Structure formats: structure tokens, C-alpha cells
Amino acid sequence: MNLTKRATAWFLTLVMILGLVSQTVFAEETTNLPFQTSLLQYEVLQEINKDKTESAISLEFTETETIQLEKVTLPDGTEKTENFAVIAYTVSENGKYEFVVDYFKDGIEQEEMIQVEVTELLEKKTEEEIPTEEKENLTDFETTSNMLQAEGNTYKVSSADELTRVLEQIGKSQETEATIVLNADIGNDVKFVGVVNKSITVKSTDGQKHALTLGSELVGDITLDNVKVTAGTLYCSGYRTIFTENCEFTISGTLYGGGNSKTVSSVYVKINGTGKINTSDMENVVVGGSYKGSVDGDIYVELVGNISYGNNEGGNYLIGTNKATAYGGDRPSGTPLYVGGNVTLILDGPATNTRPQNIVGAYNSHVKGNVTVQVKAGYATGIEGMREDPTQSIVDGDIHIIAGDSAYAGTDRIVRIGANWDIIGAGEKINLTGNLFQVGGNVTVDTYENVWGWDKDGTPESDPPGIVGAESAIVGGNVTINANGSHLEDIIGVDDSATTGSIVNGDIIINATDIDLRNSYNYQSGIIPVYATARKDVTVNLDGGSLSGIYGYGGTVNGNMEINITGSPVFTDDEAGVWGVNNTDTKERSVLNFDKAQTSIPIVGYFTEMNVTNDSDVTLGNKKKNAFNIYDVNINTNAKLTTNKQAYSKGALTMDHGTWIANGYLYVTTATNTNNSEIVMNDYAAFGYGYKDNSAYDKTVVTSIDDTYTFNQCNYVDKIYGNAVITNSNGMYLYQL
């Protein structure tokens with residue numbers, strides 16, 4: 001049986017496990033600094049082998065915000081300058097072994113010596129010194145390994161020794177796959193890392209769930225089913241790694257899909273079940289790729305089930321690509337990191353009993369393919385397609401961000417977005433670099449009803465998170481946002497942050513269905529298609545939901561803007577409304593369409609054309625705001641428009657089987673053409689108003705066929721500034737000039 005001796009800094013306690021008896025021993029320390037005053041947080045672990053001829057010394061350091069490790073010098077003079085989570089050193093003689101640690105405390109360089117004493121080792125016996133009985137036992141040991149094979153490639157083990165023998169046997173086998181069945185807990189004596197060039201499945205006997213400890217760097221493909229898994233920082237090293245839904249696990253450090261300071265060919269990691277990751281609150285929670293290394297092919301990481309992350313309220317990273325840093329003071333080294341293929345990161349976990357994480361697609365890595373980030377449920381401090389240095393975080397293909405899942409609509413399985421960090425397709429919320437992020441293809445953001453920017457069924461704060469298609473980024477293709485019932489502050493197609501100049505070279509398309517856009521003061525909690533530059537067309541499709549308004553005038557649109565409203569959306573700000581491109585030039589086409597819509601809007605403006613069609617019932621204007629000041633108005637196919645205060649058409653009016661109830665002033669600047677329609681004017685009306693200064697009044701400004709015009713009494717004389725052609729119409733009693 002292995003002997004284990006552990007010393008914990010701060011309390012100076014060693015625990016020895018010998019047989020079944022636990023003993024507490026107080027160590028004698030002769031370090032240059034009193035052990036009790038150590039600024040470092042670490043554990044010293046001694047693992048003594050079965051014949052007591054070797055001791056494996058491990059120093060496990062805990063990083064803090066104020067202390068950054070720089071170098072550890074081993075007793076033989078070897079210097080370790082990275083990967084400080086665990087420092088391993090094996091000795092074969094008793095004695096005192098000194099480890100010198102160089103580190104920075106609050107920016108000040110310091111040095112500390114850790115002295116470890118080894119006392120339990122025995123001298124190694126020569127072949128001649130080994131008794132015959134022991135030699136016979138060794139022969140039996142080797143022979144029994146052949147008896148551990150239960151059936152085919154399935155092995156049953158009940159101890160660490162048996163597991164060790166089975167792994168050796170699998171390694172020598174010609175077969176590429178094997179299954180190991182645990183009949184008992186294995187403990188910490190063997191750190192399972194797989195077998196080189198093999199695919200190993202480990203599971204417990206039926207009805208049981210036995211314990212297994214993983215080493216830090218895998219060497220082969222593994223599948224764990226119905227076991228209790230313990231690991232520190234785990235590097236999957238590019239090997240296929242699967243935890244099934246029957247697993248329980250605790251990964252105290254970071255989970256890396258890739259390698260430790262090396263490049264791997266590809267990554268496939270699928271973690272299910274119930275467990276915790278990063279209980280030690282390291283900066284990196286999950287890194288899909290490598291630490292200080294790259295991935296030549298695809299990255300696929302799926303984390304689903306009941307998984308909680310860390311204890312820190314934010315600031316830690318759960319990312320899809322590689323990452324070259326792991327703690328404060330850590331610096332990238334070597335060439336920029338890359339992913340040669342596609343990146344897929346899928347998350348589905350509880351939003352309670354866990355801490356929010358920064359979820360990022362591409363972090364300082366050049367992705368040659370596409371990036372997909374899907375958060376079905378969980379707790380996030382923002383979800384961003386890209387992060388950090390725009391000269392390194394580059395995506396040649398498409399970015400697809402998916403927040404929420406339609407299957408979780410109306411349930412407590414939500415995506416809770418913390419603070420005011422947004423869901424962003426291209427770029428990031430705060431870019432202070434002066435450079436813009438680059439995406440070669442299209443950007444798509446999909447969100448669902450189970451996405452909340454505040455506590456579910458609660459009240460939003462003043463600045464909750466929203467959705468942004470592209471922020472401080474240049475997108476080569478289109479930006480598409482599909483928001484379905486999400487509870488957030490706003491939806492922005494393209495935006496600038498601290499670094500301006502964002503451009504979408506393709507179209508911007510925003511599809512919003514039953515959205516819930518709010519903030520505590522109900523100001524601009526709506527849809528903002530453009531806050532930067534759109535090279536082509538911009539389209540907003542709104543179907544139902546609740547929002548303060550649609551604000552299309554914030555940026556530059558080189559193409560056309562079209563806003564389509566259907567369903568029964570509620571506009572919550574009585575002084576906001578729906579606005580198109582801020583350009584009154586009629587050559588710039590900006591269209592507002594109501595199709596099968598039932599809604600009331602305080603004001604609409606900056607449109608060259610407004611169409612009310614297909615049984616729509618729309619009310620525009622209120623006591624505070626005029627109904628509209630736009631160009632052409634078309635009311636057709638049994639649609640009804642009601643306007644309050646003032647309705648000013650700077651273009652023409654066309655009606656075909658439509659109804660207009662004008663409760664305030666009505667102005668039509670050019671021609672009016674109506675057919676089988678009804679206009680009720682409860683206040684002043686003027687047709688052909690654009691020709692009022694034309695003394696000839698010889699233009700035909702009204703053409704009416706089978707209509708009903710009702711002019712109710714008001715304080716002014718209704719006027720037609722020109723000629724009227726009336727066929728089978730009723731009520732045309734107004735002053736014609």
C-alpha cells in the first residue's frame with residue numbers, strides 16, 4: 001500500500017496514512033523563512049511506492065490575485081518557468097530537499113525556500129537480496145494480470161494495483177479499444193490518463209458509482225460512465241474525452257480540451273452528468289483549445305447536465321479556442337495561436353448555485369473556420385463571439401451565437417446574463433485597443449424565451465444586457481439577429497464601443513418575435529438597427545412583443561431600410577416610436593410596413609413610404625406626439641389607420657379598400673388616389689398641400705372612386721389645392737381651389 005504524507009502551508013500539518021491508521025505528525029522545518037509566515041498558498045504531498053524505494057514529491061500551488069509565480073528551482077537545479085499548478089519531483093533517498101520559489105507579491109519580486117524532508121525510504125535490494133518467497137510473489141503478481149481479463153476486451157479491477165496492471169496489459173494488446181469495470185473505489189494512488197493509441201471506457205459495476213482520479217494530461221481517448229471522477233487541472237491533450245450523464249465529477253482547476261504548451265490535431269470533449277469545474281477559482285474555467293498552444297483541426301466542446309462553475313462572481317473565462325494566459329502576470333509567448341478548423345462550444349447547465357462566467361468564442365486565436373457558441377442554459381457574464389486583442393482574435397468564417405433553447409421556454413432552466421454584459425456576435429463590449437475585430441463571413445445571433453437579463457419574473461435594472469450583432473468589428477458578410485421572446489434591454493445590429501468604425505459589409509436583418517425589451521426607466525429599450533455603418537440593406541421584422549421603440553436613425557445606411565410590423569406589439573414609451581433612416585431625401589428608400597398588425601405607436605418618422613395592409617388596425621400619434629411626418633402613405637386590403645394630433649404626408653396618399661380615421665390635422669402634399677375606401681376627418685384636412693402656393697391650382701390632386709369622405713365640423717375650412725376627379729363617391733364637400 002502507498003504511504004501518503006501531506007503538508008499544508010499556513011497550518012504546518014502532516015498527515016500520514018499507514019494501513020488503516022491515520023496519524024498526525026508535526027514536521028521539522030529549517031527553511032530560511034518561518035513556515036508559518038509564508039506568503040504562498042500550497043500543499044506538499046509525498047507518495048511513497050509499495051516497496052518504499054521511491055517518494056514522489058508534489059507541490060500544489062494555489063494562485064491568488066496578489067501573487068504571481070515566476071520560477072520554481074528544483075533540488076537538482078532544474079528550473080520550472082510555467083505550469084505551476086503541480087510541481088512534481090521523485091527521489092530515491094532519504095534527506096532534505098529544497099525547492100526555491102521566485103514570485104511577485106503586489107508587483108514586488110520575492111523568493112522563498114520550501115524544504116521537504118523524506119525519512120521513510122528503504123535501501124533498494126539487489127536481485128540476490130530478494131528472498132525466494134518475494135520472488136515467487138512477484139511471479140504470481142505478473143501471472144494474475146492475465147486473469148483480470150473478464151470477457152473479450154472488458155477488464156474488472158478492484159484496486160489501484162489491478163488498474164495499473166490492466167493498463168499495462170491494454171497498452172501491450174493489439175486491440176485499440178477496451179472497457180474497464182471498477183468493482184471498488186480506486187483512490188489517488190493511480191492517476192488515470194488513458195492509454196497511448198487506445199480508446200478506454202471506464203465504468204462501475206451495475207448499481208454502483210466508484211471513485212477514479214485523473215492525472216493532469218491525458219495520453220489517449222477516454223469515456224467515463226457511472227463513476228465519480230476527481231481531477232485537478234485537466235489537459236485532454238486533444239484526445240477524445242467523454243463523461244456520460246451517469247458521472248459525478250469535481251475538476252478543481254481548469255479543463256483544457258487541448259494541450260499544455262503544445263499544439264494538438266483536434267479536440268472533442270463532451271462532459272455530462274453532475275459536477276463542478278474550477279472550484280479553485282482559477283482565471284481559466286474551461287478552455288476549448290490549448291494553453292500556450294494551437295489546434296490544427298476542429299474544436300468541439302460540449303458541457304451539459306448539472307454543472308456549476310467556480311465561486312467567483314465574474315471575471316473568469318469559459319472559452320472555445322486556445323488561451324495563452326492563465327493568471328495575472330502570465331504573458332503570451334511564441335507565435336500567435338490558431339485553430340485550423342471550426343470551433344463549437346455548447347453549454348447547458350443550471351443558472352443557480354453557480355457563478356457567472358465570461359463566455360467567449362474566439363479568445364486571442366485566429367480561427368480559420370467558423371465559430372459556434374450555444375448556451376442553452378446557465379449563468380453568464382456576457383456571451384461574446386470574440387475577445388481581447390483584435391489583431392489575434394480573428395474569424396475567417398462565420399460566427400453563430402445561440403442563447404437559450406425553445407425547449408426550455410417558460411421553465412426555470414434559463415440563461416441568466418449578469419450585470420450589463422451583452423450577447424455579442426462579432427467583437428466585444430469594451431474594446432480599448434484602437435483596432436477592430438475582423439469576421440470574414442456572416443454573423444448570426446439567435447436568442448430564445450428562456451434568456452433573461454434580470455432575475456426571472458423580476459424587475460430589470462437601469463442598464464440590463466442586450467443583443468449586439470457586431471460591436472467594434474468589421475463583418476464581411478451579413479448580420480442576422482433572431483430574437484424569440486427574450487427578456488433583455490435592446491437589440492442593436494451594429495454598434496461602436498470605445499474603438500469606432502464598425503462596418504457590416506452585407507445586410508443587417510433583425511427578426512424579433514414576442515420580445516420583452518425593458519429597463520428600469522423605459523428609455524430606448526428597443527431595437528436600434530444601426531449605430532455605425534451598414535453598407536447594404538437593413539431589415540427589421542417585428543412580430544408582437546413589448547419594447548419602447550425602433551430607432552433607425554443612429555448610423556449610416558448605404559442601402560435601403562425596411563421595417564415590417566405584424567402581430568400586436570406594445571410600445572411602452574409614450575414619446576418614442578418607430579423611426580427610419582435619418583435622411584429626408586426621397587431617393588433614400590426607407591419603408592415602414594404594417595401587415596396583419598394591431599398596434600398603437602406614439603409617432604413614426606423618417607420614412608419615404610408607409611404601407612398599412614391586410615386587415616391591420618394601427619393607431620399613430622397621441623396627445624404628446626404627432627402621428628407621422630413621412631412621405632407616401634398606402635392603406636389597402638381592409639386595413640384601418642387611425643391618427644391623432646397631426647398626420648403629415650410629404651408625398652402621396654393611396655387607398656384601396658382601406659379606412660383612415662384622422663382625429664387631428666391631415667396633410668397630403670401631392671396626389672391622393674382612393675378606391676372603395678373611407679376617410680373620416682375630425683379636424684382640418686388639406687389635399688395637394690404642396691401646391692398651395694401655385695396660383696393656377698390646375699393639377700389633379702384628388703382622384704376618388706366609390707369612396708366615402710366624411711368631413712366633420714372643425715375650426716378650419718378643409719381644402720383641396722387643385723382639381724378633384726370624383727366617381728361614385730360620397731361626402732366630397734370641402735373647399736376646392
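Biologist: Hi! How many aromatic pairs does a search of the whole structure find?

Modeller: Hello! The search turns up 27 aromatic pairs. Keep in mind that this is a predicted model.

Biologist: Let's take one. How are the rings of Tyr-551 and Tyr-553 arranged, and why is the pair called that?

Modeller: Their planes are at 85° and their centres 6.3 Å apart, so this pair is edge-to-face.

Biologist: What about Tyr-648 and Tyr-667, what kind of pair do they form?

Modeller: That one is stacked, with 25° between the planes and 5.1 Å from centre to centre. The pair links distant parts of the chain, as the two residues are 19 residues apart. Tyr-648 belongs to strand β64 (residues 646-649), and Tyr-667 to strand β67 (residues 665-668).

Biologist: How accessible are those two?

Modeller: Tyr-648 has 22% relative accessibility, so it counts as partly exposed. Tyr-667 has a relative accessible area of 11%, so it is buried.

Biologist: Which residues share an aromatic cluster with Tyr-648?

Modeller: Tyr-665, Tyr-667, Tyr-684, Tyr-689, Tyr-697, Tyr-716 and Tyr-721 form one cluster with it.

Biologist: Nice. Which charged residue sits over the ring of Tyr-689?

Modeller: That is Lys-692, whose charged end is 5.4 Å from the ring centre. Elsewhere, Arg-240 lies over the face of Tyr-268, at 4.0 Å from the centre of that ring.

Biologist: Switching to strands: how do β68 and β71 pair?

Modeller: Strand β68 (residues 672-675) pairs with strand β71 (residues 700-705) in the parallel sense, over 4 bridges. Within β71, Thr-703 is the bridge partner of Asn-673.

Biologist: And what is the bridge partner of Thr-703 in β74?

Modeller: Val-725 is its partner there. Strands β71 and β74 (residues 723-727) run parallel and are joined by 5 bridges.

Biologist: One last thing: where is Thr-480?

Modeller: You'll find Thr-480 in strand β42 (residues 479-484). With 17% relative accessibility, Thr-480 counts as buried.

Biologist: Which residues is Thr-480 in contact with, leaving aside neighbours within four places in sequence?

Modeller: Thr-480 is in contact with Val-443, Thr-444 and Val-445, and also with Ile-509 and Asn-511.

How values were computed: Residues are numbered from 1 along each chain as its sequence is written. This is a predicted model: local features need pLDDT of at least 70, side-chain atom pairs count only at pLDDT 80 or more; totals for chains, interfaces and linings use all residues. Side-chain values use heavy atoms; hydrogens and water are left out. Rings of Phe, Tyr and Trp (its six-membered ring) pair if their centres lie within 6.5 Å; planes under 30 degrees apart count as stacked, over 60 as edge-to-face and the rest as tilted. Buried means under 20% relative accessible area, exposed over 50%, partly exposed in between (1.4 Å probe, protein chains only). A charge sits over a ring if NZ of Lys or CZ of Arg is within 6 Å of the ring centre and within 35 degrees of the ring normal. Contact means heavy atoms within 4.5 Å. Two strands pair if DSSP finds at least two bridges between them.
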